[in-house]
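Reader: I'm new to reading protein structures, and I'd like to learn on a real one. Could you walk me through it feature by feature?

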Amino acid sequence: MRVKASETDEFWIRHGFRGGVSEALETFAAFLAATPPGVAAEPERELTEAEHRLLDEGGFPKPQPDEQGSAGSELSMLAVSYAEMCAQALTTKEAARLLQVPPSRIRQRLGERTLFGIEKEDHWVLPRFQFDDGQIVPGMGKVLQVLDETLHPVTVERFFATLQPELYAEEVARDLTPREWLQAGYDPAPVIRLARDL
């Protein structure tokens, strides 16, 4: 489905890109610039219905496997995940309001790597996975500090959302994600160990 430019702007603004299609395209371009050619995504992961709709309504072609297999499709999936993460992320000012601190404190924590941010051309955005109920997830800063700075932002987000056998919680009798483990107030040490191995 092709959409007119004005409809495309309205669509992207509705999905968190305040600058409309130009900001969406800038985000995709930044993603491609930060992503080495041939980067592996998650071949077993298929686009969700919401991700298909995001591509379709935004006027982007649906991913198709290329001659080398599924590399093109994997890159498209990464791009969609990255765009969604950036669209839903908080600006420095929004994070400051949420945490009730001055914006300078947010910038300081970004520099200390106790908050995770994505640097855009003239500003930072902070993905929402590190926040919970108006606060930073307990222990999050300690984990973020040990992460390899070269990790792709989507890899970081998926790490915190992936169930880990090493994070088995007796109380609920199941494995937890790193984010769930930290939210529950458990010792961050095992999450830190997992993060170092990424």
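Reader: Let's start with Q88. Is Q88 buried, exposed or partly exposed, and why?

Author: Q88 is partly exposed, because its relative accessible area is 48%. The scale goes like this: buried means under 20% relative accessible area, exposed means over 50%, and partly exposed is in between, using a 1.4 Å probe and protein chains only. Before we go on, this is a predicted model, where local features need pLDDT of at least 70 and side-chain atom pairs count only at pLDDT 80 or more, while totals for chains, interfaces and linings use all residues. Residues are numbered from 1 along each chain as its sequence is written, and side-chain values use heavy atoms, with hydrogens and water left out.

Reader: Got it. Which helix does Q88 lie in?

Author: Q88 lies in helix α4, residues 71-88. Helices (H or I, at least four residues) and strands (E, at least two) are DSSP runs, numbered from the N terminus. Then check what sits across from it: Q88 and V125 are 37 residues apart in sequence, yet 9.1 Å apart in space, C-alpha to C-alpha. E84 is also found in α4. At 23% relative accessibility, E84 counts as partly exposed, and E84 and P127, 43 residues apart in sequence, are 9.8 Å apart C-alpha to C-alpha.

Reader: How many helices and strands are there in the protein?

Author: Ten helices and seven strands. Buried residues make up 41% of the 198 residues.

Reader: Which residues touch the most other members of the largest nonpolar core?

Author: The general idea first: in soluble globular proteins, nonpolar side chains tend to be buried together. A nonpolar core is a set of buried Ala, Val, Leu, Ile, Met, Phe, Trp, Tyr and Cys residues joined through side-chain atoms within 4.5 Å. Here the largest one has 38 residues, and I106, F131, M140, V143, F160 and L182 touch the most other members. Take V143: leaving out residues up to four places away in sequence, V143 touches F159, F160, L182, V191, I192 and A195. Contact means heavy atoms within 4.5 Å.

Reader: Which residues of helix α10 are buried?

Author: In α10, residues 189-196, they are P190, V191, I192, L194 and A195. What covers them includes α7 (140-146), α8 (153-161), β6 and α9 (178-183).

Reader: And how do I read two helices that meet, say α5 and α6? At what angle do their axes cross?

Author: Axes are lines fitted to C-alpha atoms, for helices over the stretch in contact, and angles run from 0 to 180 degrees between N-to-C directions. The axes of α5 (residues 92-99) and α6 (residues 103-112) come within 8 Å and cross at roughly 105°. That makes α5 roughly perpendicular to α6; angles under 35 degrees count as roughly parallel, over 145 as roughly antiparallel, 65 to 115 as roughly perpendicular and the rest as oblique. T92, A95, A96 and L99 in α5 meet P103, I106 and R107 in α6. By class, this contact has five nonpolar, one polar and one charged residues. Ala, Val, Leu, Ile, Met, Phe, Trp, Tyr, Cys and Pro count as nonpolar, Asp, Glu, Lys and Arg as charged, and the others, Gly among them, as polar.

Reader: Now sheets, please. What is the strand order in the open sheet of three strands?

Author: Strands of a sheet pair through backbone hydrogen bonds, either parallel or antiparallel. Two strands pair if DSSP finds at least two bridges between them. In this open sheet the order is β1-β3-β2, with antiparallel pairing. β1 (90-91) and β2 (118-119) stand at the edges with a single partner strand each, so one side of each has no neighbour in the sheet. Two bridges join β2 to β3, residues 124-126, and E119 stands opposite W124 in β3.

Reader: What about β6 and β7? How many bridges join them?

Author: Three bridges join β6 (residues 164-169) to β7 (residues 174-176), and the two run antiparallel. A169 has R174 in β7 as its bridge partner.

Reader: Where is A173, and what is its phi?

Author: Most residues other than glycine have a negative phi, and most peptide bonds are trans. A173 sits in the loop between β6 and β7, and its phi is positive, near 55°. A173 is exposed, with a relative accessible area of 52%. D133 also has a positive phi near 55°, in the loop between β4 (131-132) and β5 (135-136).
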